[in-house]
Structures are given as C-alpha cells and as structure tokens.
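My entries follow the structure.

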Amino acid sequence: MLLHLVPEFDLRRDVVPWLAARGWAAALDTSENSSALYVVNIERNGKVIYTWKGNQRNTHIGLYDLQTKQNEHLYMFERDLRVISCSVNNERTLLAVSFRQYTEEERVSRLLQSVSKYLALLIEIHPINNVRVLKAVDSCVRVQFLYPAEGRNTSTGSRLLLVSEDKYIEQFDIHVTEEQHKVVIQDSGQLPRARVADDLIWAQWDMMEQRLFYIVPKESRSILKCIQFYPDENFYSTLESHLDISVNDTQLKLVNFGYDHCQDQDVASKSLNLQVFTSKAGGLCVCCNLASDIPDVITYSIYFLHKGYNKTFTVSLERTETHQLKEMAFMNLDYYVAAYLPGRFLHLLNIQHPDLLCYSLFLTGEDARIDMLQNCSIRSLLTSTVLDCCVGSVYAVSISDSAILRFLQNSKRDSERLAALHCALLYFRHTGDLETQIIWWISENLSSCHSFDPIQEFIIASLYCRMCPETHNLDKLLPYTSLLDWMGIIPGVTCATDIISLPVLEFQNSKDFWEKLNSNLESVKYAEPHLHYHNNVLRKEWLNLSEEREERRTTAYLRHIFENAKKVLSHLDTWDSEERLVPLFQEEDYQQQLLMGLLNLVHRIMKEVWRRHQLHSCIFCFDKRGSAAEFAVFHFMSRILEAANSLCLPLPPGFHTLHLGLGVRCLPLHTLLHYIDNGVLHLTETCVRKLLKDLDDTEKNEKLKFSIVMRLPEALGQKVRQFWNHPVNANFIARKYVKLLLEKLGSRQCSRPIPERLSVPVEFLPLNYLTSMLAEIENQGVHPYEKQDHVNVRFVEETALRHTVVLLGLKYS
C-alpha cells in the first residue's frame, strides 16, 4: 500500500477500556448500536471529543488528549440525546453542545409542536454549574470554539462560532469571571454576537489556522470566500475566488464542524462533496467531486487557485452496480492532494507542480488499496491526518518510502516511473538510503525509459530539493524537470485543463500562509514563464566564458569565480567520509572552474554506480582490457555526459579523464576514435600523459598512441607529446618546431649563419645549412617553445638524422 497509516486515536483502543473500568458497559457494544460511542469533534490542541450512552441511557461527553493519552469526563445529560456537535474552549471551562431533542414523529406523538427540534447550549464546566441556551430552533445548528494563538492568555473570555442550517454563521463573545474557584459567564443579558457570513451553501473550518472557508452562490457560478480569525479578536475577509461549480438546489454541507455521521450521510447526496486544502508552501486547492450522469464514470475537479487553472478528471470504472459506488474522499498530504475512491483508485496530485499530468500518481487495484479506509466516511482534519467517522479512528497519513520505491521498481509505464521518481526525491527530501536505491534503479533501467532521461530528472529534482529551502522564492525560478510538455496518457483517465481567474487577496499583518500564497499569485502574474530558468541562457554564457580571452580573465567577476572554484576543489576529498571510491582527479579545467554547482551530486551518482559494480579506485590503468562491469560503468558515464550536455550542467573535475580511461580499456580502437571525433570522449592531459607513459611501444599500442596524438588540440599536444619517446613522435615534434620557427621569423632578415660545431658531424650540406639557420634564429630570441628547453636545433638535427637512417635501413649510433 502506497499510503502509510499510523493510528493516533482509536475509540476501541483508547476509550473503551477506560469506560469499562468505570462501569459504563453499554458503551462497549458499539457493533450493535453505532450511536452508543462516536467522535463528535477534534479541537486545535489535539483533543478528541466523543459521546457515549451510559447504563441508564444517559448521554455523556468525554475528552481524550492526544498528548497525554488521558481521558476526561466533561459532562452528562440525564436524557438519551443525539449530540450533533460539541466544542470545548481552550481553558476547558466552557462547553458548547448542539443536539436534536425530538424527531418530527416524536413531537407529533407527544403533542410537542411548540417545542424546538434542535437546541444549542453553553455550559459552565469548571466546575459544572450553569447552562445557558444559545439557540432553540427547528433547524440544525453546529458549534465551534475559536482557539487563541499559542501562549496567548485569554482566560477572561472565549469566542464561539454558531453555524445554522438556515445558511448563516454567527460569532458569540463570551466573557467569564472567576468566583471562588469557579469560572462563570458574566451575567449581562444576551451574549454579544456578530454576523460572520450569510447565504452560504457550504462551509469548512480550518482548526489549525483558525480560518473559515465558505461558498455563496452567484447566478450559475459560486464564490469561494475565506475569513481569517486573528488573536486580537477581530476577523477579516481575506480571499475571494470565482469557481465554475453549479450550486443550484444544493443542501448546506459543513466540513470539520463536528462529525454527525448519520446526518452527514443524509446530506451527502444533496450537497457539494468539496474540500479546500492549503499547503505550507502557499498552495491553495479546491477539490470537488462532480455529479456524473454516466454510469460507472467518476468526475472530479482540482482547482489549483495558486496556479490559476483547474484540472477536471474523468475516470472510467469497470462495470459495477451503481449503488456500490461510494462517495469520493479527499486527503491533504501537504505536497500532494489525494483523491480516493475506496476499492477503486487512489490519485495523488502534486500541488506545487500540477501542470504536467505525469507528476501525479494514479493507482488502481492492489496499489490503491488502503485496508483501514474502506468506507466513505473519511474526513481530512489536518495536513496528513484523517478521521474515519464510522469507526472513530484518527490516522496520521503519509506516503510510504518503501512502497514508492517498490512502485518505481515494478512499474512498466513511463508516467508511473516519472511520478514515482519525483515523489521519492521531492516528498522525502534528503533521505540518503532512498536516493542510493534510486541511483541503483536508474543504472538498471537507463534504456527502458523512452519518454524521459532518468539521469536528467534525478539531477534536476535532487538539485531543486536541495536548493529551494535555502533561498526564498527560488522554487519559482528553478527547473524541477527537464520536460517541457508531456504527450503521454494515463489509461482510463481523461483530463481537461481550464484557465481560471486568480483569487483576490486582502490580508493584514500575516507573514505565513497568506504571504506565501500572494507570492505564488504574483509569480503567476509576472514571472511565469518569462523569468523561469531555461538552459539556453546558461549555455550562451557558458560558451562566452569558455573562450579564454585575456581581457576577460582579469575582471573581478572571473576572479571571484576562480576563487570559489578553488574552495570547491580544495574540499573535493571531504565529500565523503569514507575512502574515495571513484578515482576522480583535481585537474585544471577552465569550464569546470566557472560552473561548479552540481559536482557533488554527480559525484554521488558516480560513487553509487562504482559501488554497485564493485569497481576499485585503482581501475585507472591501461595494462589490460576492461571487464563487463567497467563497460557498464563506461556506458552509464556516457549517459551522464549526455544528460549534463543537454541541460548545460557542469561535471566533477576528472570526469572526462576517467571516462576516457575507461573508453581506452573497454572500446576497440575504431570505436574509441569515433567517440573522440564526435565529442563523446574528451582528450585530457592527465589521461593522455598516462597513456603515453604507461603503455609500451608494441605495434598495437603505437597505433593507439599515434591516433590519439594526431587528434590532440594544439596547446595540449605541445604539453604531452614530449612524454612519448618514439621516433615518429620526435619527427613530428621536430617538424612542428621548424615550422613554428620559420613562421615566427616572418619578414625578419637574418644575417649569414655562423657555422658551429654540430652534435654529430654531418656532411649533408642541406641539413648543415638548415641547422645553422635555425641556430641563428634562436640566437635572435625567436623561440616557439619557451617552456620546453630540450626542444631546440640540436633536437631537430638529431631527429632528422635518426629519421633518415631509419628510412635508409642503416644503423644509427
């Protein structure tokens, strides 16, 4: 199962034993009478309010503290009542309860038409004292205390929301006083009240952030509004957003205003199945299950208000009896929202990056099964927390890292693999073991992913995950994927995307969610896609910087880059606490000194691949052919190089050296040269120097060396050719030296050469004349090899004689 559930509260486990110990045995028989014991509310401070029937059919209200794991008896009614909602204030001195007194049939049979069906009471419970009637009406009402900010002292008063089925919400201000260790309500007649909202057809309470979301109809559309309650006892309307949702003939639906399971089931078919979710990063989503006229088809919309669009999904199910279809449940997992149809499917949608469908996980069958959530009475209370109203259990919900890894390994579709890869890297954030296993999976599946490059996605997602927490709003500019679009499909699912108007915000003195949401909306207005990262910009800058212009090297900009590069290189050996496994070298590389950003990440990939194939750090030698494991690593390095080039990303110092070394060991000569000529393998000084020095001059090795030497760039060739003591190489160096001397001489006039004693007496006049002329040029200071003193006229002379003798088949002494 992909979702991991941990039971934080369970009525049978945490309450029933406590009740049994106190003689309330009737409450134990919850299987025959579901109304005997059930949860009615969960408060902001993690306290669960529940009700049960005593032995005398009295109605009790109790409280369970999730922090202390202790139960507490709050109040008892000496009647058999159906409690609809209940709330206790932060100081646990006041209790608000709403309940149904009589059904319509009971009122008629008892001639009680003048008695109200529903009652809302305010009770003093510290100690149990007075009871005050808040509402006595024929329409259902629900109650909810507001909670102050943590650490704020509000012992002198409380605020209470009352929500009426007549589609309005009121706030009551309750002032209390202490009298002889009693907390009592100040007797001032009617309690002060203020109208909060009118004409609503749906409302949701956010207990953690003390926010009220509600919807009011307007013509054929609807308007979502939000009221923020502040610790200073004021409340303000902070959000207004138009939703294209039909609200005609809908009954009022209340979310998280207590849990009356029986009534919720009656209302479900006549009201909006809708929830609003927020995320820590400033995401705001509206999830709505839409009515469908087609049998075996489920339709739901997710409004990503922080992005300015909504996605409507239509899922075709296998043929089934219509009555077997259950109401969809939505869950808030912060980075994801989950759309769940028990027994059918589980759809996880990425909140921060919802634009591409391939980043959402759509699971069916065994993958979508959640054993503990198989009914339709699921409520998402808080982020990553759900309540099963039927059984009275609260679960902490999270995505299982082991399950997401198994899903990645077993999936056959690219869309599932890509979604699982991003989920593992971005949702779990810096879990080293999981990252290692993903690298191992990539090394085994490089060729099986057809629509994306797993190395590119791993590098980009990992970098995004590392950098975003460090800098505010960097996530709006950094790339999170290498894909620009997605042409794939999810079987059985269609998706339609519609642009919607952005919400209007008005918030005061808020530094948390509202500020982040506003930043997201500003980004949609002005930054996307204009300021979003694109590697074409970096590629142009890279090419400009890689041109070694003397005038640019002296700028403060380049000096700053080089200083930072030296610091990174100096800490190369400290990247891993263990012995360096991959033999990378701290060598000079102009481009790498300019762009050092991803060295550690690529080095991590290399280390895991090296370990997986059981290679050793002494692999960098040329005395034998490469093994199958070395060839596999060479192929993987080629894919890393391809991914880095495509994204214009730097590689660790020594990457090209190691890559070339493995290529020499693993590839036949013609393939090796083809890779070099096409830029896959880069000739580096470290590797070429080692190759020329370590390999002997057999016929096969001579062919290899000469092929490499002939392909060296001019500057690099001058440095490394001196390490190959071979007549052919010496001849090449001598010819080059003569050519450069004569080119540098140019239009200079030189005097008649002065004969000098040659190292080897020669009677060949042309050679005598050439060496004498070259010696004169050297005496005039024209020297093309200032740093290689052993390349001079004598070297040219001896090389010419040796080459001539070899050609004539004579002995040279």
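I began with helix α13 (residues 599–612), where Glu608 and Arg611 are 3 residues apart, so about one helical turn separates them. The model is a predicted one, and in it these two side chains form a salt bridge, with the closest N and O atoms 3.0 Å apart. Glu608 is buried, at a relative accessible area of 3%. Arg611 has 32% relative accessibility and counts as partly exposed. I then followed the shared partners: salt bridges join Glu435, Arg604, Glu608 and Arg611 into one network.

Next I turned to helix α5 (residues 414–428). Arg417 and Asp414 are 3 residues apart there, which means a separation of about one helical turn. They form a salt bridge whose closest N and O atoms are 3.9 Å apart; the cut-off is 4 Å, so the pair counts. Both Arg417 and Asp414 are buried.

I noted a salt bridge with 3.8 Å between the closest N and O atoms. This pair links distant parts of the chain, 27 residues apart: Asp80 lies in the loop between β5 (70–77) and β6 (82–88), and Lys53 lies in strand β3 (residues 47–53). Asp80 counts as partly exposed, because its relative accessibility is 45%.

Last, I looked up the total: the structure holds 22 salt bridges.

Key:
Residues are numbered from 1 along each chain as its sequence is written. This is a predicted model: local features need pLDDT of at least 70, side-chain atom pairs count only at pLDDT 80 or more; totals for chains, interfaces and linings use all residues. Side-chain values use heavy atoms; hydrogens and water are left out. Helices (H or I, at least four residues) and strands (E, at least two) are DSSP runs, numbered from the N terminus. Buried means under 20% relative accessible area, exposed over 50%, partly exposed in between (1.4 Å probe, protein chains only).
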